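The report below goes through them in turn.

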Amino acid sequence: MTFDELRAALPGRVQLPGDDGFEDAARPWITTVDQPVAAVAHAATADDVATVVRYASRAGIPVATQPTGHGASGNTAKAILLRTAQLDNVEVAPTERVARVGAGANWRRVLAATSEHGLTGLAGSSPVVGATGYTLGGGLSWFGRRHGWASDAVRAFEIVDAEGTQRRVTAESDPDLFWALRGGSGDFAVVTALEFDLFPAPEIYGGRMLWPANRTRAAFELFQEVTATAPEELSVWFQRFHFPDAPPMVALDAVYLGDADRGRELLARFDVIGDPILDNRMLRKPVDVGAVADEPTDPSPGFFRAEQLTGLGDAVVETLIDEPIAPLLDVQIRHLGGALSEPRVGGGARGPIAEPYMLYLFGLGLPHLVDGVRARLGAIVDALGGQISGQKPYTFLAPEENASAAFDSATLTRLREIKRAVDPHGIIRANFPVLG
Ligand SMILES: Cc1cc2nc3c(=O)[nH]c(=O)nc-3n(C[C@H](O)[C@H](O)[C@H](O)COP(=O)(O)OP(=O)(O)OC[C@H]3O[C@@H](n4cnc5c(N)ncnc54)[C@H](O)[C@@H]3O)c2cc1C
């Protein structure tokens with residue numbers, strides 16, 4: 001395959017194996033994922049996207065869209081890797097409380113634009129995750145307990161369909177496709193921009209409280225107590241850390257979507273633990289929400305596993321609280337519930353989540369650690385038994401998993417029917433295809 005026609009249509013923006021910079025362009029953010037691709041194409045406009053998809057459709061080559069590679073699975077063999085990072089325009093209409101977000105914009109860029117108006121989108125924990133990939137997979141936000149899944153906040157998608165035609169998709173224009181794109185993943189079209197609801201957030205209150213590991217029990221017990229009665233505006237995560245060359249630690253990360261006085265009052269419950277190593281609870285703007293969990297922003301090598309927890313019973317305590325976590329770096333429990341668990345009239349494919357907590361396990365993917373990390377991930381999951389449901393949000397699927405772990409069977413069946421209807425030749429390839 002020479003890709004001559006595509007190179008001529010996008011001069012200087014198509015790279016093939018052997019070209020200068022190809023290896024870097026083809027590498028995803030999760031550097032442990034091996035990502036074989038036939039070519040990399042960089043789109044700067046929606047017309048460029050249409051050019052790539054039309055070419056791919058004629059040539060019968062799949063297109064894998066990837067703005068950042070945070071969700072890379074390696075499912076890119078023989079595909080054109082379509083880079084959309086340059087489509088990063090963000091427009092905010094404060095009166096209508098809506099943002100139009102180019103498909104390449106990350107959350108930091110989106111929230112920088114919305115914060116100026118005292119508004120927020122339904123961002124997750126990392127400022128460098130792409131708003132579009134995140135939203136297409138459902139999008140579990142710090143503000144989700146109050147406002148639901150990010151995908152359900154979408155009003156419209158601007159897409160290029162599998163034949164390379166540009167169009168706008170809404171609930172009225174294409175009800176099935178609109179439903180599928182809201183949580184069902186990027187398997188149905190290439191999105192060039194989306195429009196989503198914004199929510200009032202003149203200020204948020206929150207931060208991290210970090211203690212030595214001898215406070216693990218105390219922090220976990222308070223986490224259980226506080227999350228049992230927390231208002232929907234409050235989200236708290238429990239985290240255990242064991243970084244190389246540092247002693248183990250425990251943390252509570254919290255974000256309150258509301259005024260500082262009430263936030264301070266709610267989070268004062270944790271003061272009894274005493275003597276934190278770090279405590280950066282403070283008034284913040286939404287654009288600063290990524291600083292709470294302080295996740296790496298540079299490309300990282302890692303292995304992870306997410307599971308939805310049905311509760312925090314004995315198996316959780318024995319496995320996740322009482323045992324050392326090494327060689328894992330991070331054991332994280334996110335509080336769900338609230339609007340995330342409520343059925344929504346006219347909602348998308350993501351749907352409500354029944355489990356009250358989500359577990360996320362992470363270990364470094366360095367060569368000398370790989371076997372130990374993999375073994376520990378598997379052992380923890382086995383030990384949790386009935387405390388996990390086996391499901392996980394689409395955006396937390398690990399490279400070796402597939403879409404069936406993210407959807408119930410009725411949702412998966414409908415997604416598959418829609419996929420066959422809108423992309424019969426399999427030109428659009430998501431990281432976790434619904435037919436896979
Ligand atoms: C540090 C870190 C923190 C995270 N925190 C959260 C969190 O708080 N909540 C949460 O829900 N998730 C979180 N995630 C997971 C993240 O949302 C997913 O990995 C998501 O897929 C990332 O989207 P992306 O566009 O950045 O990644 P990419 O890997 O570039 O894209 C992922 C997939 O999205 C689809 N896609 C992207 N853009 C388009 C497009 N324009 N058109 C069609 N399809 C497209 C493609 O199928 C692509 O394979 C986190 C991930 C990391 C690494």
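## Strand β19

Which residues of β19 are buried on one side, and which on the other? Tyr357, Leu359, Leu361 and Gly363 are buried on one side, and Met358, Tyr360, Phe362 and Leu364 on the other. Buried means under 20% relative accessible area, with exposed over 50% and partly exposed in between (1.4 Å probe, protein chains only). Eight of the eight residues of β19 (357-364) are buried, so the strand is largely enclosed by the rest of the structure. Helices (H or I, at least four residues) and strands (E, at least two) are DSSP runs, numbered from the N terminus.

This is a predicted model: local features need pLDDT of at least 70, side-chain atom pairs count only at pLDDT 80 or more, and totals for chains, interfaces and linings use all residues. Residues are numbered from 1 along each chain as its sequence is written, and side-chain values use heavy atoms, without hydrogens and water.

## Partners of β19

Strands pair if DSSP finds at least two bridges between them. β17 (residues 302-309) runs antiparallel to β19, joined by eight bridges. Glycine 302 sits opposite leucine 364. β18 (residues 330-335) also pairs with β19 in the antiparallel sense, over six bridges. Here isoleucine 333 has leucine 359 as its bridge partner.

## The five-stranded sheet

An open antiparallel sheet has the strand order β5-β6-β10-β8-β9. β5 (90-93) and β9 (166-169) are at the edges with a single partner strand each, so one side of each lacks a neighbour in the sheet. Four bridges link β9 to β8 (residues 154-160). Glutamate 158 faces arginine 168 in β9.
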